[in-house]
Structure formats: C-alpha cells, structure tokens
Amino acid sequence: MEPSHVDPFHIVTPLKKSPVLSTLAGTDVLMKLENIQPMGSFKIRGIGHYCQMLSTKGYTKFVCSSGGNAGLAAAYACNKLGLPATIVVPESTGQDIVQKLQKLGADVIVKGKAWDDADAHAHQLTEVPGSVYVSPFNHPVIWEGHSTLVYELKNSLGSQTPGVLVVAVGGGGLLAGLVEGMVKVGWSDVPIIAMETIGAHCLNAALQAGKAVTLPEITSIAKCLGAKTVCERALQYAREKNIISITVDDREAVRAIEKFVDDELMLVEPSCGAALAAIYSGHIQRLQQEGKLQTPHGPVVLIVCGGSGISLSQLQDFKSQLGLN
Ligand code: PLV
C-alpha cells in the first residue's frame, strides 16, 4: 500500500501457531487472527482503506451492500470519518448485526433474499449525486487494503516462506487481495486453498464451468460467502495462479467452528468455518497424500477471517437446522 499520512483503521494481527491444528494437519499451522480486527473480520482492511480514499474525493454519502461484515467495516469507517453510511443487507442477515450497524450510526435497509438483491438496491441508491457505492469485495482499492495482510505475514515469518495459504471465498475480494500481496512480496508460487461452502460456491462453479457462473440461489447457511457470482479478478487469478478450489458442506463448516471453540477458545462465523474445515475435514492432509501439496513444505497459514454473525445460541440453531445435535 502507498505510504499515507492517515492511519489505517485496521490493526496488525498476530500470527499464532495452533498446536491442535498442527497435529491434525501433520505440519505447522499458523493462524492469522483477523477475527480480532475492529468489527470482527478482515473486511476493515480493504473497506476501511477504500472508505478513507473515497472520503478524500468529496463524497458525502456512502452506500454499502453487505452480508454483514463488510457493512460493519464500512459503518465503522464512516463513523470514524464522521460521514453518513447506508448499509443494505438481505433478509438473511441477523437482527444482531442490524443492531450493531445502527449502534455505529448507520442507516440500515433490509432488502431481498440474498446479498445480490441487496446489492442491486444499493446501486439504485447511489444514483443520487454525492453518493458513492461501496462494494463489499469488488474494487482494486479494497484488494490493496486486503493485501496488507500479506505484508504482515512477511514481517512475521521473516525469511520463512509459507507452504500454503488457506482462505474462505465469498465474492473473492480477500482472495484477490492476497494474490496481489503475494506477488509483491515474491510469494507468487505459494499455493492458496480457496474454501467455499456448497450452496455459496460461486468460484468453484465458475472453475468447473470454465466461465463466470451465477448461482441460482444461495442455499448455504454461510451467508457471508453468499455472492452468487465471484468477482472477475478473483476468477482470473484462480485460473492463472496456483489456487486449489475446495468445497465443504454446511455441516463441515459448522462442525469446524464448534471444534475451533474447544481448541482455540474463539467463536467465528460458518463463513470462516469453511476455511477451518480445510484442516478439520482433512483436506490439507488429503492434498499432501495425493501429491497436490508438496511435503514437507513451509507452514500452513490459515486466515481466520472471523465474522460477527455468530453467537453461542446461533451456533446451537445452526446445529439444530443441520441435524448436528
Ligand atoms: N462477506 C461479505 C460478502 O457477503 C460481506 O458483505 O460481509 N469471511 C467472512 C467472515 C466474510 O464476511 C466474507 C465476506 C468472506 C469471508 C469472503 O470474503 P470475499 O467476499 O472477499 O471473498 C456476501
């Protein structure tokens, strides 16, 4: 990121070894703890950076569509900047998120069944002069903000190179930012495992089809992965770079977050559970056995992307819905 006189809104997060996950994976697993960012997810990196940039261009009203976490990041950034924010979320976004958004001073509009519907409405609202649309994942400045995560990794790891990065994919903004950061620090060859839940698997579907695909609906409970179409840049990188796309089902994502509470004493969304399931469901181990991941290799870097759309009672609800009790 360009040096700037303004302080970013995100914090530098720890890179912490997980002994339990390392034992499971049979190799060191280092967790990049984005769940402790302001508003509970990595989103503040890119969205915070983008909002700061837009505020210098004279926009007076920010409209962000979101499954929840990007909206929280935008509302937090606008609150800091003293600018009004309108956050458009779908009906699937929990009431607790709506309340958190309102506490930050944002106007909240609930529109449509899935994020794509809320997004269409957000675009309409920005037809007014002075208003600006803030995507939750699809803008180069957002990717630039997300790429700060890689510079921190580089600082933490010193001369060590990661063996693989594991990341959850929704619209693909985090993936695009990571790839761009990795190119800049000389890690272009490091593979990335891109995790999605079935029913929110727009990247996987596009790779299978060999072209951009719009899912008919979002059926996964991981609503924050619920973009029906992956952004073009992420799809392009997934084709050009060493990116392994894997899907897990909702039960695996929810089991993973439950185990993570016991193992690491941290509660994250099922969206993040998709990434955790790369280890809990044995995918890393399988890829090593199949020779698709080099063994031995550098540490597995697991991006714990976080998410605020979760509580103990919601975890219980998810388990009941999925017959996991
Ligand atoms: N969530 C977006 C898009 O939702 C949002 O509006 O908050 N992990 C968590 C906890 C997330 O909230 C998201 C994105 C992702 C992973 C995936 O990030 P992306 O969209 O950059 O691939 C519809």
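Quick housekeeping: the model is predicted, so local features need pLDDT of at least 70 and side-chain atom pairs count only at pLDDT 80 or more, while totals for chains, interfaces and linings use all residues. Residues are numbered from 1 along each chain as its sequence is written, and side-chain values use heavy atoms, with hydrogens and water left out.

Okay, the sheet. It's open, with four strands in the order β5-β4-β3-β6 and parallel pairing; strands are DSSP E runs of at least two residues, helices H or I runs of at least four, numbered from the N terminus, and pairing takes at least two DSSP bridges. At the edges sit β5 (107-110) and β6 (131-134), each pairing on one side only. On average, neighbouring strands here are turned by 20 degrees against each other, direction ignored.

Inside, β3 (residues 61-65) and β4 (residues 85-89) share four bridges, and cysteine 64 has isoleucine 87 in β4 as its bridge partner. Helix α3 (residues 69-81) packs on the sheet, touching β3 and β4, where contact means heavy atoms within 4.5 Å. Its direction makes about 175 degrees with that of β4; axes are lines fitted to C-alpha atoms, for helices over the stretch in contact, and angles run from 0 to 180 degrees between N-to-C directions.

Now the helices. The axes of α8 (residues 173-185) and α10 (residues 232-240) come within 8 Å and cross at roughly 55 degrees. So they're oblique to each other: under 35 degrees is roughly parallel, over 145 roughly antiparallel, 65 to 115 roughly perpendicular, and the rest oblique. Who meets whom? Leu175, Ala176, Val179 and Glu180 in α8 meet Arg233, Ala234 and Tyr237 in α10.
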